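Please keep the 3D view open while you go through them.

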Amino acid sequence: MRTFWKLTEISMQSHLYYRTSFIINIISPAILLAGQYLLWSALYAQQAGSAIGGMERREMFSYILIAFAMNNLLGWAGENTLSREIKSGTIVARCIRPVSFLTQYMAQMTGALLLQGMRNLVLVIVGFACFPEYMKIPEGGAVLTFLPCFLLSVILRLMMIDVFSLLCFFTTGYLGISWTRRALFEFFSGAVIPVVLFPEWLKRIAGCTPFPYMLQAPAAVLLGQEMGIGLPHVFLLQIFWILFFLALHGMTYGLVRRNMTVAGG
Amino acid sequence: MIEAQNLSKAYKINRKKAGLKGAIGNLFHAEWAEKVAVDRLSFHMREGKALACIGENGAGKSTLIKMMIGILTPTSGKIRVFGQDPRRGGREYLRRIGVIFGQKSNLWTDIPVIESYHAVKTLYKLDGEMFRRNYDRVVELLDLEELLPVPARKLSLGQRMRADIGMVFLHSPELLFLDEPTIGLDINVKHTIRTFLRQMNQETGTGIFLTSHDLDDIDEICDDAIVISGGKLIYDGTLDRMKHRFVQDKMIQVTGKQERDLQDLLPSARISREGRVTRIVYPIQEYSSAEVLAAVSGCFAIEDITIQEPDIDEVVSRIFGGEGRA
């Protein structure tokens, strides 16, 4: 565990090294969030204040804020970092450290995630504190249930990004892989449109993928929304998908090791 | 320590067609070719030795190192380091070796060098005393004190390489793989690094497998060498033997007054004179050094005399010029 936290610490230090970038990353999400607020405000205005897909205006705004904060936790860093190392051949440094590839990768991503998490937490607290009349405030009990669900959702998402990142060994570039992963995640997880607004058949498809358990499920738990399945079931599905990606990681990494080429002399 | 038997590695290379039309065509039809980087290579390196791997660009040196450290899978043949397959050695194997690629840094670029060093302590699970001993030693011998608080990103190439080499010794590796560690460095840094590596090899018994295009690195650090060309082994033995095998001439330089004509005694030698200094280049196939010395001492009132051993640059130029190939 000491190794993991050491690598996490290094990852955080590396992100903090670029001060301007760090500050811009505090401001830019607020602008994106404002855009989403305006979009949904316009939609609710057209509905003359009635609910959309069973979600009241206050509930929707809370959902937007929470979904945004969770979605924003991990951006492009996963595939981008690895693909850059593969292209330059510096991936060798990772391969010669006496620490498993997965541990190194997870620690690095956790470092990025913790920093972004702190910024997002501030955003969420400020959001709820400044605009309580426009928001549905989560209850204390819901917050306690949310925490383990959120933790599992983060581990699940990290595992998924890890597997997608490993594909960069075969493609070298990261953009195609990253776009695909983000598109699938943002659509099926409810990051952009809540899954409850999907037509029934699409909801069923989404339910068969791991994506809703990375975002929609913890957000629903926090806001006390109906999920269609019980909370223990959600936890079990999250654990199942984590194990699934862990197995996929093992298979993909095995293939990578057998077919690896390292750029440059 | 290292044992390679009929080791081969072939890469599949995607042959891209030229131009925009070719680039579009490549989207629909990829052409693959096989390139043999290492071709049935067999050699061994004993414990604590310093072995040089000499070869032209693209000869397969780096591929060989990558197979020995376990990140590339050989296409065929066997490689054993410490008696085991590097790919199956896992973390325990990685703790026993150190690797430096001259063009790639192992330091974390955005944090101060000292923090990279402390990370090594955690990652390799080093005990405090051992870490401190190695740390003090590398900081002193490589003159790293001023570099420690600086992030690796801000170091010059030479400073970064010193810091990289210092870092690789922190966990007391038993075997070091160095791939062109002095590439692009100035003469002072090269000297510091060579001296340090030689000292560590002799004092701590750390084995060194070195590839370099700088033949002075090889001459100063290594005793033995393998030469590869086009992935094939063309020489395996001591550096001295290699010099003598591929060099046909030696040179003696004499300072002093010439009293008799030397050319009569050594008709095949090339003799040139500049002031009081005479240079005699003689074919070693025809004359032994003793014969030449006897002739020289009969013809000169010698004030000073030196026998110049074959220069390794010359040796390698001869090898890759075609004379060394079987």
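1. One cut-off is needed at the outset: a residue is called buried if 20 or more other C-beta atoms lie within 10 Å of its own C-beta atom. Please keep in mind as well that this is a predicted model.

2. With that cut-off, is B:G55 buried or exposed? It has 24 other C-beta atoms within 10 Å and is buried for that reason. B:G55 lies in strand 3 of chain B, which covers residues 50–55. When residues up to four places away in sequence are left out, B:G55 touches B:G60, B:K61, B:V227, B:I228 and B:S229.

3. For chain B as a whole, 39% of the 326 residues are buried. The chain holds eleven helices and 13 strands, and its C-alpha trace spans about 70 × 55 × 45 Å along the principal axes. Of the contacts in chain B with a separation of 6 or more, 72% are between residues 24 or more positions apart.

4. Chain B is divided into two domains, with domain 1 running over 2–243 and domain 2 over 248–309. The centres of these two domains of chain B, taken over C-alpha atoms, are 43 Å apart.

5. An open sheet of six strands in chain B has the order 5-6-7-3-8-9, with mixed pairing. Strand 5 and strand 9 (232–238) of chain B are at the edges and have a single partner strand each, so one side of each is left without a neighbour in the sheet. On average, and with direction ignored, neighbouring strands of this sheet are turned by 15° against each other. Within the sheet, strand 6 (residues 175–179) and strand 7 (residues 207–211) of chain B run parallel and are joined by five bridges; B:L175, for instance, has B:G207 in strand 7 of chain B as its bridge partner. Helix 9 (residues 239–246) of chain B packs on this sheet, where it touches strand 8 (224–229) and strand 9 of chain B, and its direction makes about 115° with that of strand 9 of chain B.

6. A further open sheet in chain B consists of three strands in the order 2-1-4, and here the pairing is antiparallel. Its edge strands are strand 2 (31–45) and strand 4 (76–81) of chain B, each of which pairs on one side only. Neighbouring strands of this sheet are turned by 30° against each other on average, again with direction ignored. Strand 1 (residues 2–15) of chain B pairs with strand 4 of chain B over five bridges in the antiparallel sense, and B:Q5 is found opposite B:K78 in strand 4 of chain B.

7. In a regular strand the side chains alternate between the two faces of the sheet.

8. The largest nonpolar core has 133 residues, among which B:M68, B:F209, B:L210 and B:A225 touch the most other members. Helix 7 (residues 140–166) of chain A gives the largest share of this core, namely twelve residues. Apart from neighbours within four places in sequence, B:M68 is in contact with B:I2, B:I79, B:V81, B:P86, B:F177 and B:F209.

9. Finally, the contact between the chains takes 23 residues from chain B and 22 residues from chain A. On the side of chain B that touches chain A, helix 2 (61–68), helix 3 (90–96), strand 5 (97–101) and helix 4 (113–123) of chain B each supply at least two residues. By class, this side of chain B has 13 nonpolar, five polar and five charged residues.

Conventions
Residues are numbered from 1 along each chain as its sequence is written. Chains are lettered from A and ligands numbered from 1 in the order in which they are written. This is a predicted model: local features need pLDDT of at least 70, side-chain atom pairs count only at pLDDT 80 or more; totals for chains, interfaces and linings use all residues. Two residues are in contact if their C-beta atoms, placed from the backbone, lie within 7 Å. Helices (H or I, at least four residues) and strands (E, at least two) are DSSP runs, numbered from the N terminus. Ala, Val, Leu, Ile, Met, Phe, Trp, Tyr, Cys and Pro count as nonpolar, Asp, Glu, Lys and Arg as charged, and the others, Gly among them, as polar. A nonpolar core is a set of buried Ala, Val, Leu, Ile, Met, Phe, Trp, Tyr and Cys residues joined through C-beta atoms within 7 Å. A residue is buried if 20 or more other C-beta atoms lie within 10 Å of its own, exposed if 12 or fewer, and partly exposed in between; C-beta atoms are placed from the backbone. Domain bounds come from an automatic or database domain assignment. Two strands pair if DSSP finds at least two bridges between them. Axes are lines fitted to C-alpha atoms, for helices over the stretch in contact, and angles run from 0 to 180 degrees between N-to-C directions.
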